[in-house]
Amino acid sequence: MTTPHPPVTAARGPQLKSVSLRQQAREALRTRIVLGQIEPGRVESVINVASELGVSVTPVREAVMDLANLGMVEIIRNRGFRVPVLTDHDLEEIFRLRTMLEVPAMVELAQLPDRAPLTRFRQLAEQLTDAARQGDLVSFLDLDRQFHLGLLELLGNRRLVEMVGQLRDQARMQGLQKLADHGELTQSGEEHIAIVDAVEAGDGELTAELVRRHLTHSRGIWAGRTEGTA
């Protein structure tokens, strides 16, 4: 009689937990950076950030390395990391690159015959508009990222999604809090709904106009302006 093999134990459990903490730390840092909550140019201690997030140093250090690879932070050896200072010229470059990439990509999306997946994005647009009304900036940023990158993913071009995602991360939403405080962030949310309407209608020209206008408004937010102009 053969002896049954003992059941396989969940030996990888701690590793999965560690990866999860790394991802959570990365997203928490990403949000702080994009919202301008980490002062650009100031050296930040990994130990202090880990303490603030309530985790060990390891996942924060790994998260910082991930963000450094994306160009969001610079690692300062034996000291920590810092967020690069962006000039207005830097922001203008990001705006122009995003316009070059996203406008024609969204026009291509509007020309696809199958628009069934767009239902999910209408829901996302409505959710981020609700987050804007409530002044929930963390949820707004997360939903905004899901919306824009998720739409681009429908084109099946992984490199395009990665490039736009990296450009988004390199910008800063300095004016987002001001818009929320003045109750003007809702307009940005509603622009997403209009974009979905245009894509669903297969109107490439209108889609291009709306995406370009939305990016122009975002450019103003990056620079800390609330008037919605670049």
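User: Which loop holds Asn 78?
Analyst: Asn 78 is found in the loop between strand 1 (74-76) and strand 2 (80-82). Strands here are DSSP runs of E with at least two residues, helices are runs of H or I with at least four, and both are numbered from the N terminus. This is a predicted model, in which local features need pLDDT of at least 70, side-chain atom pairs count only at pLDDT 80 or more, and totals for chains, interfaces and linings use all residues. Residues are numbered from 1 along each chain as its sequence is written, and side-chain values use heavy atoms, with hydrogens and water left out.

User: What is the phi of Asn 78?
Analyst: Asn 78 has a positive phi, about 65°, although it is not a glycine.

User: Is Asn 78 buried or exposed?
Analyst: Asn 78 is exposed, with a relative accessible area of 79%. Buried means under 20% relative accessible area, exposed over 50%, and partly exposed in between, with a 1.4 Å probe and protein chains only.

User: Turning to Thr 207, where does it lie?
Analyst: Thr 207 lies in helix 10, which covers residues 204-222. Thr 207 is buried, at a relative accessible area of 0%.

User: Which residues is Thr 207 in contact with?
Analyst: Apart from its neighbours within four places in sequence, Thr 207 is in contact (heavy atoms within 4.5 Å) with Met 106, Val 107, Ala 110, Ala 198 and Val 199.

User: What does the side chain of Thr 207 reach?
Analyst: The side chain of Thr 207 reaches the backbone oxygen of Asp 203 at 2.8 Å.

User: How do helix 2 and helix 3 pack?
Analyst: Helix 2 (residues 46-53) and helix 3 (residues 57-69) pack at an angle of about 115°, and their axes are 9 Å apart. The axes are lines fitted to C-alpha atoms over the stretch in contact, and angles run from 0 to 180 degrees between N-to-C directions.

User: Which residues make that contact?
Analyst: Helix 2 contributes Val 46, Ile 47, Val 49, Ala 50 and Leu 53, while helix 3 contributes Val 57, Val 60, Arg 61 and Val 64.

User: And the chain overall, how many helices and strands?
Analyst: The protein chain has 10 helices and two strands. From the N terminus on, its elements run α-α-α-β-β-α-α-α-α-α-α-α.

User: What share of the residues is buried?
Analyst: Buried residues make up 42% of the 230 residues in the protein chain.

User: What about contacts between residues 24 or more positions apart?
Analyst: Such residues account for 73% of the contacts in the protein chain with a separation of 6 or more.

How values were computed. A polar contact is a pair of N or O atoms within 3.5 Å; within protein, one must be able to donate a hydrogen and the other to accept it, and residues adjacent in sequence count only if both atoms are side-chain atoms.
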